[in-house]
Amino acid sequence: MGPGPLESWNDGAAKRAIVEFVTSAAREGTPGFVRPADRIAVFDNDGTLWVEKPAPVQTAFVLGKLAARVKADPSLADREPYRAVVDGDEAFFRALDARDPDAVAFLVRALGSAWEGTTLEEYEAEATRYLASWRHERFGLPYTGLVYRPMLELFDYLRAHGWRLFVCSGGGRDFMRVFCEEVWGLPRENVIGSAPEFVYRDGVPVRGTELHGPLALGPGKPEHVLARTGRLPCFAAGNDDVDVEMLRSARFALLVVHDDDAREYAYTDNAHRARATAERAGWTTVSVKDDWNAVLTERPQ
């Protein structure tokens with residue numbers, strides 16, 4: 001299988017499985033056929049569509065916001081998660097990295113208060129300023145350069161075969177919507193993530209403090225996808241344990257395995273259950289080292 005629509009993918013079991021599934025799904029009258037209305041593909045973001053180490057792109061944005069609140073109101077330093085931010089509590093940050101529901105819930109509640117009453121335009125302006133100056137500490141790249149080239153090619157390949165694409169991430173929905181059109185070519189409504197309720201005040205919707213639905217982690221992912229699309233995904237891609245339920249809900253599951261410490265990172269943390277499930281269930285696994293001949297959309301500096 002030579003150069004073509006998935007040219008950053010090496011010829012191997014993963015590429016062949018993707019091509020076989022997608023082409024058979026478009027072949028009417030065969031067992032593998034998928035009705036166009038059911039061609040829903042859902043992708044996790046951090047670690048699936050772009051680099052998530054040493055910390056996801058959004059992390060410094062939200063922690064900086066909490067630190068600013070403590071500076072303005074020192075009494076917050078005795079409460080979680082402000083205390084953890086001020087003290088640099090490694091256990092708390094490890095729990096966040098593992099998407100521990102309690103740690104994430106603490107953070108989400110604090111962020112709800114931090115941006116309470118903010119309009120969508122105000123929030124997006126703040127996120128845009130942050131992203132404009134952000135650079136990856138190892139690669140020296142902006143956020144746009146950290147996206148995996150093979151996954152963008154997979155987006156294009158699926159679109160060409162009539163699939164509708166969605167991103168479902170435990171990260172902030174409104175944060176991802178700032179760049180989704182530029183980076184993924186996805187409309188805002190196709191981005192699903194953890195987000196606050198919006199409250200209508202004085203003629204303007206503003207951010208509230210309560211979470212809109214469950215966290216988009218673990219079982220919350222297929223719950224959000226079903227609520228948003230009216231269907232469970234037929235094709236799903238993820239990379240760690242909080243993606244397992246979404247991958248289980250799909251007919252075709254793709255698990256990204258990070259094993260290339262030269263071009264990206266090699267790690268197994270927070271993915272042991274996902275890898276064990278992939279082996280038992282026969283999911284298609286993607287080795288960054290072996291299956292991708294190119295990784296990032298930009299060369300590291």
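This is a short chat about how some features of this structure get their labels.

Reader: What kind of model is this, and how are residues numbered?
Author: It's a predicted model, where local features need pLDDT of at least 70, side-chain atom pairs count only at pLDDT 80 or more, and totals for chains, interfaces and linings use all residues. Residues are numbered from 1 along each chain as its sequence is written, and side-chain values use heavy atoms, with hydrogens and water left out.

Reader: Which residues does N45 touch?
Author: Leaving out residues up to four places away in sequence, N45 touches W50, V167, C168, S169, M176 and W184. Contact means heavy atoms within 4.5 Å.

Reader: And D202, is that one buried or exposed?
Author: D202 has 81% relative accessibility, so D202 counts as exposed. D202 sits in the loop between strand 4 (196-201) and strand 5 (204-211).

Reader: What makes the phi of D202 worth a look?
Author: Most residues other than glycine have a negative phi, and most peptide bonds are trans. D202 isn't a glycine, yet has a positive phi of about 50°. N270 isn't a glycine either, and has a positive phi of about 65°; N270 is in the loop between strand 7 and helix 12 (272-281).

Reader: Where are the cis peptide bonds?
Author: One joins K53 and P54, with omega about -5°, and P54 is in the loop between strand 1 and helix 2. Another joins E80 and P81, with omega about 0°; P81 is in the loop between helix 2 and helix 3 (82-87).

Reader: How do you know which strands are at the edges of the sheet?
Author: Two strands pair if DSSP finds at least two bridges between them. Strand 1 (residues 40-43) and strand 2 (residues 164-172) run parallel and are joined by four bridges, so they pass that test. The open sheet has six strands in the order 3-2-1-6-7-8, with parallel pairing. Strand 3 (191-194) and strand 8 (284-287) each pair on one side only, and they are the edge strands.

Reader: How is the contact of helix 2 with helix 5 described?
Author: The axes of helix 2 (residues 59-72) and helix 5 (residues 101-114) come within 10 Å and cross at roughly 60°. Axes are lines fitted to C-alpha atoms, for helices over the stretch in contact, and angles run from 0 to 180 degrees between N-to-C directions. In helix 2, V62, L63, K65, L66 and R69 meet L107, A110, L111, S113 and A114 of helix 5. The residues of this contact divide into seven nonpolar, one polar and two charged.

Reader: What makes a set of residues a nonpolar core?
Author: The members are buried Ala, Val, Leu, Ile, Met, Phe, Trp, Tyr and Cys residues joined through side-chain atoms within 4.5 Å. The largest core here has 76 residues, and F43, M151, L154, W163, W184 and F235 touch the most other members. A second, separate core has 17 residues, including V42, A216, V244 and W283.

Methods: Helices (H or I, at least four residues) and strands (E, at least two) are DSSP runs, numbered from the N terminus. Ala, Val, Leu, Ile, Met, Phe, Trp, Tyr, Cys and Pro count as nonpolar, Asp, Glu, Lys and Arg as charged, and the others, Gly among them, as polar. Buried means under 20% relative accessible area, exposed over 50%, partly exposed in between (1.4 Å probe, protein chains only).
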